[in-house]
Amino acid sequence: MRLSRRTMFAGLGLAGVGLAGLAPALVYAEQFAGTYNPQAEEVADGIWMVRGADEPIAFANGGAIANTVIIATNDGTIVVDPGPSLSYGKAIRALAESVTGKPVIRVYITHLHPDHSFGAGAFDAGIVHALSATRHDLERDGEGFSDALFRVLADWMKGTTVVLPQGDVTAGKTVIGGRKLQLFALGGHSSGDLAILDEATGTLIGGDLVFHDRAPATPHANIDGWLSALDTLEGVPHKLVIPGHGPIDSGNVAIPQTRDWLSWLDSMLNEAVLSGMDMTEAGATEIPARFANIKVARYELQRSVSHFYPGLEAELLPMVGS
Amino acid sequence: MRLIKTILPSAASVLLAASPALAEGLPADPLGSPMWEYHAEKLFTGGPVVFDNRVKVILPVIAEDQHVVPVTVDARKLDGVKRIVVFADLNPIPVAIDYRPMDAAPFVATRIKLDQRTPVRAAVQLEDGSWHVAGDWIDAAGGGCSAPPLSRVRGDWADHLGEMRGAAWSDGNSTRLRFGFRHPMDTGLVENIPAYNIETVRVTDAEGREVASMDVYGSVAEDPAFTLVVDRDGPMEVAARDTSGLEFAGELSPASGKRLSSGQ
């Protein structure tokens, strides 16, 4: 992505705090979106990765924070996760068709989150497929996500509507245009997480079950379920992992790193509740040095405190009184 | 304001004359809030107002859930604190809590609802009457105060009303209390749901002496949770009363936190 003059506002949008002295009007001064300019990098034979920014969703990045995958087949092109908005989805469609030379015939949505799913409107709804859990999740949360994204991304979202996937993915092997794919119906990051293995190249598309050098986001997470999904993925023979966020992984580090972060997060939050900390104190917990290169670690840690803390208190603090 | 002054100079001067001390003594707001003067003139009676970075207002980097935004106020660098008022300038119910740490540290943590991007501040009043203010802007999506609480949506709010959870962690001198109640904390801003919230919380020691008390408003989050540090050891009785006159109470034993920390 090339964002030139907008980068000066990086980190304001959703992460816009600590702005003492800035008049509120300045933060939202720029309401005209730019043009998305996604770039495809060929990471395996006939597979391209489009990198999202390793940042929170913000006006400065147009919400383009998730990785998108383009797969060429003999019959047409597959897109995995078309991004946050209609115009991003359109840019991905044009990019995909230009690098493969063939029209898009299938779009997979790995899970409900709008940074992955909201670009679906750029495609014929009949070719957009996801796990049935993801369709149900989008039916429930799609409008809420839409409100939240329009608020932060404003004009970038123009024309974007919630598009429900029309095809239900079931786990197992499938062949599209000669490409043998294995589809995995997992969960843990959300109630339905699709992972895809391209057999010929050994490329594992992890969706948001796998983060790499970018802290995992947990708004709909079940950490135990997520850890067992990671065990499943680790057991799938593969050469490359394309994470939902962060750079490609050819050294088998992304899955262990995601597991390490989640395990640490889980025990840190439990310990914080048991030792009497409140939420802001838990959110200020020192992040271990081994996570020093993980982007937006503090931000996601504090989001995770918000996601889990009240529930952990209800579970761990004893009932008192009558 | 400029227009009003131009058209109605006499009326404006009458308004200003009503609070002559504040109109002159109020410092300019470093956060540039449009509501600073309005709140300051209502809240800060009885003494001069200063912005003071010894008052720490700790907020998360993002209001991830505008229904549950944690706020911690730590004024332990100041002596003689008698009141801590936590408020959000642009909330429809600006004040969240008004805390009086009588025999407790000037430290309090809770969670509040936010209805939009707003300054969140703590105003700390000392025994000499002076007000020491700090805070920051925090961004938030709308609807924290004007959307129904989860327990109203689920419909089970009455099944658990007033259930209290908590524990106490003592270091021999002071005791950290953490407690929360199941309560919808209805703001009155949601159609067909009248205001209904916990309005006072009192902490007393084993002899019945009051060590801390707090007024609580509808902008505190559903299932309100509090962290206080009292300058006492021993069991503490926590009692809350809501706007229907219901009372919820429980005792926090000094061993309860130790049991949790040691995993027993």
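Modeller: Start with the largest nonpolar core, which has 50 residues. Ile84(B), Phe179(B), Val201(B), Val203(B), Met214(B) and Val216(B) touch the most other members of that core. Keep in mind that this is a predicted model.

Take Ile84(B) from that group. Set aside its neighbours within four places in sequence. Ile84(B) is then in contact with Val73(B), Ile97(B), Asp98(B), Tyr99(B), Pro106(B), Phe107(B), Val108(B), Ala122(B), Ala123(B) and Val124(B). A second, separate core has 46 residues. Its members include Phe184(A) and Leu204(A), along with Ala167(B) and Trp169(B).

Now go back to Val73(B), one of the contacts of Ile84(B). Val73(B) belongs to β3(B). This strand covers residues 69-74 of chain B. How many of its six residues are buried? Six of the six are, and the strand is mostly covered.

Look at which way the residues point. In a regular strand, side chains alternate between the two faces of the sheet. In β3(B), Val69(B), Val71(B) and Val73(B) point one way. Pro70(B), Thr72(B) and Asp74(B) point the other way. Both sets are buried.

Next, the partners of β3(B). Strand β2 of chain B, residues 56-58, runs antiparallel to β3(B), and three bridges join them. Here Ile58(B) has Thr72(B) as its bridge partner. Strand β6 of chain B, residues 104-112, also pairs with β3(B) in the antiparallel sense, over six bridges. In that pairing, Thr72(B) stands opposite Ala109(B).

Step back to the two chains. Chain A brings 40 residues to the contact and chain B brings 41. Together they bury about 3200 Å², with 54% from carbon and sulfur atoms. On the chain A side, Asp278(A), Thr280(A) and Val320(A) lose the most area to chain B. Together they make up 17% of what that side buries.

Seven salt bridges are found between chain A and chain B. One of these salt bridges joins Arg178(B) to Glu313(A), where the closest N and O atoms are 2.6 Å apart.

Finish with chain A as a whole. Chain A has eight helices and 13 strands. Of its 322 residues, 58% are buried.

How values were computed:
Residues numbered from 1 in each chain as written. Chains lettered and ligands numbered in written order. Predicted model: local features only at pLDDT ≥ 70, side-chain atom pairs only at ≥ 80, totals over all residues. Heavy atoms only, no water. Helix = DSSP H or I, 4+ residues; strand = E, 2+ residues; numbered from the N terminus. Buried < 20%, exposed > 50% of the residue type's maximum accessible area, 1.4 Å probe, protein only. Core = buried A, V, L, I, M, F, W, Y, C linked by side-chain atoms within 4.5 Å. Contact = heavy atoms within 4.5 Å. Pairing = 2+ DSSP bridges. Buried area = accessible area lost by both parts, 1.4 Å probe. Salt bridge = Lys/Arg side-chain N within 4 Å of Asp/Glu carboxyl O.
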